[in-house]
Amino acid sequence: MKRIVTVAISAALAGLLLPDVAAAEAQTASSALRIAQAPQPIVTDVSAQRRRPLRRVPIYRSEPWAPSVYPRYNPGPNAVRDCTAHYVQEYRPSGTVITPRMNCWWRPG
């Protein structure tokens with residue numbers, strides 16, 4: 001049992017002493033390298049993130065002036081919109097419902 005404790009203590013002391021010796025050797029060897037190297041920029045959380053460029057979707061239109069109303073036609077000058085409205089019965093699962101309907105068209109004014 002004494003041997004195990006002695007080996008454990010000596011391993012702990014060797015572990016504590018070796019980093020100091022290695023660090024001293026590395027410090028003297030790396031001082032020449034440190035002078036030759038350029039200073040590295042400090043990386044923060046914000047600067048480490050890479051910005052993606054915005055995605056642009058091209059939109060192609062054949063007639064940019066035309067409204068998006070179907071059907072596309074020009075009623076002409078002085079045209080008037082004429083509408084008729086009436087009520088229609090619609091049969092639905094919940095029961096019969098009366099709904100308004102409207103029909104419109106263009107006429108020369």
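This is a predicted model: local features need pLDDT of at least 70, side-chain atom pairs count only at pLDDT 80 or more; totals for chains, interfaces and linings use all residues.

Biologist: Okay. Leaving aside neighbours within four places in sequence, what is Thr99 in contact with?

Modeller: Thr99 touches His86, Tyr87, Val88, Glu90 and Arg92. Thr99 itself sits in strand E2, residues 95-108.

Biologist: Is Thr99 buried or exposed?

Modeller: Buried. Its relative accessibility is 13%, so Thr99 falls under the 20% cut-off.

Biologist: New topic. Where is Asn74?

Modeller: In the loop between helix H2 (45-48) and E1. Asn74 counts as exposed because its relative accessible area is 68%.

Biologist: And how far apart are Asn74 and Trp106?

Modeller: In sequence, 32 residues. In space, 9.7 Å from C-alpha to C-alpha.

Biologist: What about the surface? Which residues make the nonpolar patch?

Modeller: Met1, Ile4, Val5 and Ile9 make a patch of about 470 Å². Ile4 belongs to helix H1, residues 2-36. Ile4 is exposed because its relative accessibility is 59%.

Biologist: Where is confidence lowest, and where is it highest?

Modeller: Lowest in H1, with a mean pLDDT of 63. Highest in strand E1, residues 79-92, at 94. The protein averages 75, and 55% of the residues score at least 70.

Definitions and conventions. Residues are numbered from 1 along each chain as its sequence is written. Side-chain values use heavy atoms; hydrogens and water are left out. Patches are made of residues with over 30% relative accessible area and no salt bridge: like charges are joined within 9 Å, nonpolar side chains (Val, Leu, Ile, Met, Phe, Trp, Tyr) within 5 Å. Accessible areas come from the Shrake-Rupley method with a 1.4 Å probe; for residues, only the protein chains shown count as cover. A salt bridge is a side-chain nitrogen of Lys or Arg within 4 Å of a carboxyl oxygen of Asp or Glu. Helices (H or I, at least four residues) and strands (E, at least two) are DSSP runs, numbered from the N terminus. Buried means under 20% relative accessible area, exposed over 50%, partly exposed in between (1.4 Å probe, protein chains only). Contact means heavy atoms within 4.5 Å. pLDDT is the predictor's confidence in each residue, from 0 to 100.
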